[in-house]
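Here are a few notes to go with your first look at this one. Have the view open while you read.

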Amino acid sequence: MIEPLVAEPGMLIQARESRGLRQNEVALAMSKHLGTTVSQAYVSKAEAGRVSVSGERLEAFSAALGYPVAVLCDAPDAEGVGIGLIHHRKRASLGAPALRRIHNQLKFGRRQTTPLLAAAGDHPHRFLRHELAEDESPEEIAQLVRREWSLGAGPIPDMVAVLETAGAVVLLRDLDTRELDAVSAWPDEGTPLFLLNVTAPTDRARFSLAHELGHVIMHHVPGGTTVQEKQADMFASEFLMPARSIREQLRQGVDVNRLMQLKSVWGTSMAALARRALDVNALSDWQYRNLVVEMSMLGYKTNEPVSIRPERASKIYGVLQALMRDRDATVEELAATAGLFPDEFQQLYLATPSH
C-alpha cells in the first residue's frame, strides 16, 4: 500500500515565507481553492506540526503557496545546513519578515538550480575559500582572486559574467525592496549562489555582488558584524577598482564631472569612486566631505547621473537550452525537476536574457 504524501511543517513555513505571505492570507487562498472555510489557526497548527496535512488539504496548500505537492513534502533547509551560511548587505530599515522572505527565496533558488545543473552534467566552479589571516587585508584577498581568475588589473566589464564564468549561479529576481541588493551563499560541497535584485541600479548592484563575493570567499562562520561588512566593502572596492590601476586616474583631479567620467569606465557609483579617492589618498578628508555634500545637494545621493548597462545572468538559461536541445527535455519535465509549476518556471528561467 502506498503511503499518502504528507506535508513537512518546516517546508510549509519556508514556502509561505518565500512568497511573502501571512498565515491568514494562506488560509484565505486555501478556502477559495476548497470552497470551504480554512482558518488561520489551522494553518498555524499545520506549520507547527500539530495536524497532519495530506490529501485535499495538501493540494490546497500547494495551490495557495504556488509549489508542487512534492516540494511541500520534502525536508526543509535548516539554517546553516543545505544552503550554507547566508550573507547579505542590507540597510537597517529592512524588516525581519522581508529578510526571511529573501533568505527563503535564496534557499528555493538552490533547490531549483541544483538538480538542473546535476541533470546537465558536471559544472565545476573556481571559487577557493581564503581565510583572512591577522596579517592579511581584504584588499590582498581581492587581488588574489583577480589573479586566480585571470582578470588583470583593469575595469571589470560585467560582474555577473565574471561570477558565472567562475562557476557560480546568479539569479536575478525582483526582491520587492530597495533596502537589499543581493544575498549569497556557498553551500559545503555546492555551487556558490548569488541572488541579485533586478531593481537595483547597475552600479550599486555590481558593488553589492563584489561585496557578496568578498563574504563567500573570506567569511565562513556566522557573523554579520560591522567588521565583516567593512571587510567585504574593502574587498569589493579593490576587486572593482584596483588601487594600482585607478590611483593615477583619481590623482588627476576629482570633482563631480570627473566622477561622472570615471563611473562610465569602472561601472561603480560616483559615491563609491569618491570613497575610493579618499582610500588611495587622492582626496583629503576635508575634500571628500565637501564632495559628498556637493553631490547630496545635487540630488545624487538618491539618483546619480550616468546609467550603466544592466547585466544579465545567462548560465542557467544556457544549461536549460542545452537540456532541451540535446536531451529533448520538455518544459514540464524541467519544471518538475526544479520543483516549480511550468508557468512560473518559464517566467523565472526561460525568459531570454537581455544584454
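1. Val169 sits opposite Leu193 of strand E4. Strand E2 pairs with E4 (residues 193–197) in the parallel sense, over five bridges, and Leu171 has Leu195 as its bridge partner in E4. Pairing here needs at least two bridges found by DSSP between the two strands. Strands (E, at least two residues) and helices (H or I, at least four) are DSSP runs, numbered from the N terminus.

2. Before going on: this is a predicted model, where local features need pLDDT of at least 70 and side-chain atom pairs count only at pLDDT 80 or more, while totals for chains, interfaces and linings use all residues. Residues are numbered from 1 along each chain as its sequence is written, and side-chain values use heavy atoms, with hydrogens and water left out.

3. Zoom out to the sheet. It is open, has four strands in the order E1-E3-E4-E2, and its pairing is mixed. Strand E1 (86–90) and strand E2 (169–173) are the edges, each pairing on one side only.

4. How many residues of E2 are buried? Five of the five are, so the strand is largely enclosed by the rest of the structure. Buried means under 20% relative accessible area, with a 1.4 Å probe and protein chains only. Val169, Leu171 and Arg173 point one way from E2, while Val170 and Leu172 point the other way.

5. Now look at helix H15 (residues 315–326). Its 12 residues reach 16 Å from first C-alpha to last, close to the 16 Å expected at 1.5 Å a residue; that expected span is 1.5 Å times one less than the number of residues. Lys315, Ile316, Val319, Leu320 and Leu323 are the buried residues of H15. Down the axis of H15 they fall within an arc of 130 degrees, so they line one face of the helix; the arc is taken from the directions from the helix axis to the C-beta atoms. An α-helix has 3.6 residues a turn, so residues three or four places apart point the same way.

6. What covers that face? The cover over the buried residues of H15 includes H6, helix H8 (159–165), E2, helix H16 (331–338) and helix H17 (342–349). After H15 comes Asp328, with a positive phi near 55 degrees.

7. Last, His103, which lies in helix H6 (residues 96–120). His103 counts as buried because its relative accessibility is 14%. Its side chain makes a polar contact with the side chain of His88 at 2.9 Å. Neighbours within four places in sequence aside, His103 is in contact (heavy atoms within 4.5 Å) with Ile86, His88 and Val183. A polar contact is a pair of N or O atoms within 3.5 Å; within protein, one must be able to donate a hydrogen and the other to accept it, and residues adjacent in sequence count only if both atoms are side-chain atoms.

Terms used: Buried means under 20% relative accessible area, exposed over 50%, partly exposed in between (1.4 Å probe, protein chains only).
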